[in-house]
Amino acid sequence: MKALIRSIRDIGPGMKLFALSPGDSNSFPAYEPGAHIDVLTPAGLVRQYSLCGDPCDRQVQSILVKRQATSRGGSDSMHSLASGQTLEIGPPRNCFALANDPGQHLLFSAGVGITPIVSMAHGLTALGRDFSWHHFAHAQDFVPLHGPLSLDKFDAALSVGLNLSRDQIATSIKRALVVNAACRFIYACGPSGFMADVAAHVAQIVPGATLRTEQFSPAPADPASHSFSVHLAKSNMTLDVGQRESLLDVLRRNGLAVPSGCEQGVCGACVIEVLGGIVLHNDDVLCDEERKHQRLMCACVSRAEGRLTLNL
Ligand code: FES
């Protein structure tokens, strides 16, 4: 079906929020909370985007499009679109459905993983269900989303952790699980490391609960599969990074005080300057331009092809 681009808003680094109107009918088909649509991008590639609005609104569908440096042009071409143009989209599909359970529901999201969770919050609110939602993000990504996604509607249920360390995120998750131990259904969406942490804490604290997850972007094929080396230009040292360790670990072990936070590629605390070499980006922090320029990298998750020179 055709969708008319009603508006496009710039949201944080490398992100745009699209509001779509029905292009060849009076209304969009109904969709369930957690659903996504296939979008035929101008580059000719089909991409999936979670619907991040109110499922009861049949006149507007909202999607958040983040530029992906590793894409083959899909998200790039989406960012080249303007209001008034049309897109070909598929019907809503749902692989991340809410359980039909009258009890309390617990939602976790991180970074762009907020998108399907927003529609779940709308759905639970419409059903009058009790829920608690914990979101983790970098402030620069979250603050611009608050108004456009109408998150003030969920003030009573939503708890936001900004710029937290990985330990602080883990503490928040565990506390939420303890406080909401009676929840039978838990939902999580975010980067792979975040999802793994949620799953581990759920298994430990509420093993009887059902965890439903959706990862907002594919995990790197095997982020720890490459060993590589780094030359530190200021310190005049060359260090090897093994297959199963991070650059951040190696720098710390060798006495370099690199700041860090989430250690999952979400917060941006560990971004360092690259002077040369090919970075294999695995983070969710840098925008497409920054990745293309190959001058910055997240030491906690990103790796390299061969040897890098760093401004350390
Ligand atoms: S420590 Fe958060 S992105 Fe690396």
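Mentor: Two residues are said to be in contact if their C-beta atoms, placed from the backbone, lie within 7 Å. Of the contacts in the protein chain with a separation of 6 or more, 68% are between residues 24 or more positions apart. The model is predicted, and local features need pLDDT of at least 70, side-chain atom pairs count only at pLDDT 80 or more, and totals for chains, interfaces and linings use all residues. Residues are numbered from 1 along each chain as its sequence is written.

The overall picture comes next. The protein chain has 7 helices and 16 strands; these are DSSP runs, numbered from the N terminus, with helices (H or I) of at least four residues and strands (E) of at least two. Along the principal axes, the C-alpha atoms of the protein chain fill a box of roughly 65 × 45 × 30 Å. A compact globule of 312 residues would have a radius of gyration near 20 Å, and the protein chain has 20 Å, which agrees. This radius is taken over C-alpha atoms, and the globule rule is 2.2 Å times the number of residues to the power 0.38. Of the 312 residues, 41% count as buried. A residue is buried if 20 or more other C-beta atoms (placed from the backbone) lie within 10 Å of its own, exposed if 12 or fewer do, and partly exposed in between.

The assignment of domains gives domain 1 (2-89), domain 2 (105-215) and domain 3 (228-310), with bounds that come from an automatic or database domain assignment. The expected span is 1.5 Å times one less than the number of residues.

Within H4, the residues Ile169, Ile173, Ala176 and Leu177 are buried. They cover an arc of only 100° around the axis, which puts them on the same side of H4; the arc is that of the directions from the helix axis to the C-beta atoms. On the face turned away from this buried side, H4 carries the exposed residues Asp167, Val178 and Val179. The cover over the buried residues of H4 includes strand S7 (105-110), strand S8 (131-137), strand S9 (158-162) and helix H5.

Helix H5 therefore deserves a look as well: the 14 residues of H5 (residues 192-205) should span 20 Å at 1.5 Å a residue, and the end C-alpha atoms are 20 Å apart, in agreement. In H5, the buried residues are Gly193, Phe194, Met195, Asp197, Val198, His201 and Val202.

The C-alpha centres of domain 2 and domain 3 lie 28 Å apart, and 12 residues of domain 2 are in contact with 10 residues of domain 3. On the side of domain 2 that touches domain 3, H4 and H5 are the elements that give two or more residues. The residues of that side divide into 6 nonpolar, 5 polar and 1 charged. Here Ala, Val, Leu, Ile, Met, Phe, Trp, Tyr, Cys and Pro count as nonpolar, Asp, Glu, Lys and Arg as charged, and the others, Gly among them, as polar.
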